[in-house]
Amino acid sequence: MGLESVGLKMNNLLLISYLDLKESIRSKWFLVYSLVFGGMIALFFIAGITESQVMGFSGLSRLLLMYIQITIVILPIFILITTVRSISGDRDSHILEYMLSFPISLKQYYWGKLIGRFITVYIPVIFAMILAIVYGVIKGAEVPWSIFFLYTGLLFALSSAFLGIAFFISSFVKSSEVALGIAFFVWIFLLAFIDIALISLMMQERFSEELIITIAMANPMEIFRVAAISLFDPELTVMGPVAYYILDSVSQANFVLLSIAYPVVLGIIFAFLGYRIFAKKDLV
Amino acid sequence: MIDIKNITKKFGKNISLNNVTTRFNGGDSIALMGANGAGKTTLIRMILGYYHANNGTITVNGLDPIKERVEILKHVSFVPQLPPPIKLSVDELLHFVQKSSCTSREMIYHYVNEMSLDIKEHLHKSFFSLSGGMKQKLLIGISAAKESSIYIYDEPTANLDPRARENFYKILKEQSNSSISLFVTHRIEEVKDLVNREIYMDLGEIISDVKL
């Protein structure tokens, strides 16, 4: 394979990413998405969150803690519902049929779309945090840089996981309506059902606590939540005895690294599975 | 050359193409006709590499449309029956066409102009927001500018007024005599001056193949 050929392939990949990014940025969902995260930060400042103190957290740390707690809930569903239709929607509306009549490989189309969509969903979330930091600095607040950088990593990981899951769903679902239904189910399952089921199993003492905690930690939303808490509360005291199981198995630093690496790997696995299905199935 | 050998395509229990065998050679200009559900669109989608066959083989210039789709699609122009609701601006769509298939923007402007449409006035509008006729004229202009050896038109004149149809036929007559043109149509009278072969399909089979 010559350098020219590699360059052309990269160009087509970047071309698809660039066009998807431009299309997304113009869309109404992106406006709402950006307003939600930016507005949330603005609302926190207006509400005086930075001046309040709860459980020893104050200033920007307190604001970031609240931001991350809300992001755990809304970021996955935003990513799922806006991304899950990216391929199935193009298939539904015959856009895929036309765009793929040009010499673009399926690999370039799929991964190009994924990269474009990742930038679209990640930038507003990070931008809102940067907004908070800038405003905090102007107000003379102390900036918790370690928390900021670790949250950047955690949000990257969470976005990767749900983007991979969304592309996986999008690759095998023929109708975008069904894709939306599945996306909503995945979100509510990971957000609540899995916890309720595990609590029920724990109360019945049918499985060991270690197994139940391991299953809980396999949930990317749960590991994100615990990692976010561990940044403020390294001993995880707010979690009670569960903290012993986690911190006895891995150190706090390793746990944070794991909580970033695991969702990224999960996202990549789902994205690859999605690509395999996309390439093997009928396209339209 | 497009060589189709014993192609069968099923969707669940429904057989869309049943053991179809045919060959399209350079210079063939084919009207592909038949009732709804006859298998016409399935056949062109197989040629474009969108569907995996249950049985049989298709080769386009000796290549497999699924495994070597990029190489094949460099030489294929396609105009769908209905323009898709692409949300890119016209400028972005043309950028995509230029970059992905090395097509000259000046040639696109030339052919779209031949279709009596000044597309430069609409470059910053969303493709989706253009009228049905304008969209179809643009897609026809793009297909002509690509200078392919295979042209596939799925009911291309559905959204065109009589004058635009005349312009379209004029462009087609300028195309190379050695290319393959495949028209999916319900109205033979619209393309009868352009084709030298008529294929009728019914229930997934070719029931007549006449050279004119």
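How many residues of chain A are in contact with chain B, and how many residues of chain B are in contact with chain A? In this predicted model, 19 residues of chain A are in contact with 23 residues of chain B.

**View 1. The side of chain A that touches chain B.** On this side of chain A, helix α1 (3-26) and helix α5 (95-99) each supply at least two residues, and the largest share, 6 residues, comes from α1(A). Sorted by class, the side of chain A that touches chain B has 9 nonpolar, 6 polar and 4 charged residues.

**View 2. Chain A as a whole.** Chain A contains 12 helices and 2 strands, and its elements, read from the N terminus on, follow the order α-α-β-β-α-α-α-α-α-α-α-α-α-α. The C-alpha atoms of chain A fill a box of roughly 60 × 55 × 40 Å along the principal axes. A compact globule with 284 residues would have a radius of gyration near 19 Å, and the 21 Å of chain A agrees with this.

**View 3. Helices α3 and α8 of chain A.** Two packed helices are described by the angle between their axes and the distance between the axes. Here the axes of helix α3 (residues 59-83) of chain A and helix α8 (residues 176-204) of chain A come within 9 Å and cross at roughly 160°; α3(A) and α8(A) are therefore roughly antiparallel to each other. The crossing in which α3(A) passes α8(A) is right-handed. On the α3(A) side the contact is made by V73(A), P76(A), I77(A), L80(A) and I81(A), while α8(A) brings L180(A), A183(A), V186(A), W187(A), L190(A) and L191(A). By class, this contact of α3(A) with α8(A) has 11 nonpolar residues, no polar residues and no charged residues.

**View 4. The open sheet of chain B.** In chain B, 6 strands form an open sheet in the order β5-β6-β7-β3-β8-β9, and the pairing is mixed. Strands β5 (76-79) and β9 (205-211) of chain B stand at the edges, each with a single partner strand, so one side of each is left without a neighbour in the sheet. On average, and with direction ignored, neighbouring strands of this sheet are turned by 15° against each other.

**View 5. Strand pairing and a helix across the sheet in chain B.** Strand β8 (residues 197-202) of chain B is joined to β9(B) by 6 bridges, and the two run antiparallel. M201(B) stands opposite I206(B) in β9(B). Helix α5 (residues 132-145) of chain B lies across β5 and β6 (150-154) of chain B, and its direction is at about 170° to β5(B).

Conventions: Residues are numbered from 1 along each chain as its sequence is written. Chains are lettered from A and ligands numbered from 1 in the order in which they are written. This is a predicted model: local features need pLDDT of at least 70, side-chain atom pairs count only at pLDDT 80 or more; totals for chains, interfaces and linings use all residues. Axes are lines fitted to C-alpha atoms, for helices over the stretch in contact, and angles run from 0 to 180 degrees between N-to-C directions. Helices (H or I, at least four residues) and strands (E, at least two) are DSSP runs, numbered from the N terminus. Angles under 35 degrees count as roughly parallel, over 145 as roughly antiparallel, 65 to 115 as roughly perpendicular and the rest as oblique. A crossing is left-handed if the near helix is turned anticlockwise from the far one by less than a right angle, and right-handed if clockwise. Two residues are in contact if their C-beta atoms, placed from the backbone, lie within 7 Å. Ala, Val, Leu, Ile, Met, Phe, Trp, Tyr, Cys and Pro count as nonpolar, Asp, Glu, Lys and Arg as charged, and the others, Gly among them, as polar. Two strands pair if DSSP finds at least two bridges between them. The radius of gyration is taken over C-alpha atoms; the globule rule is 2.2 Å times the number of residues to the power 0.38.
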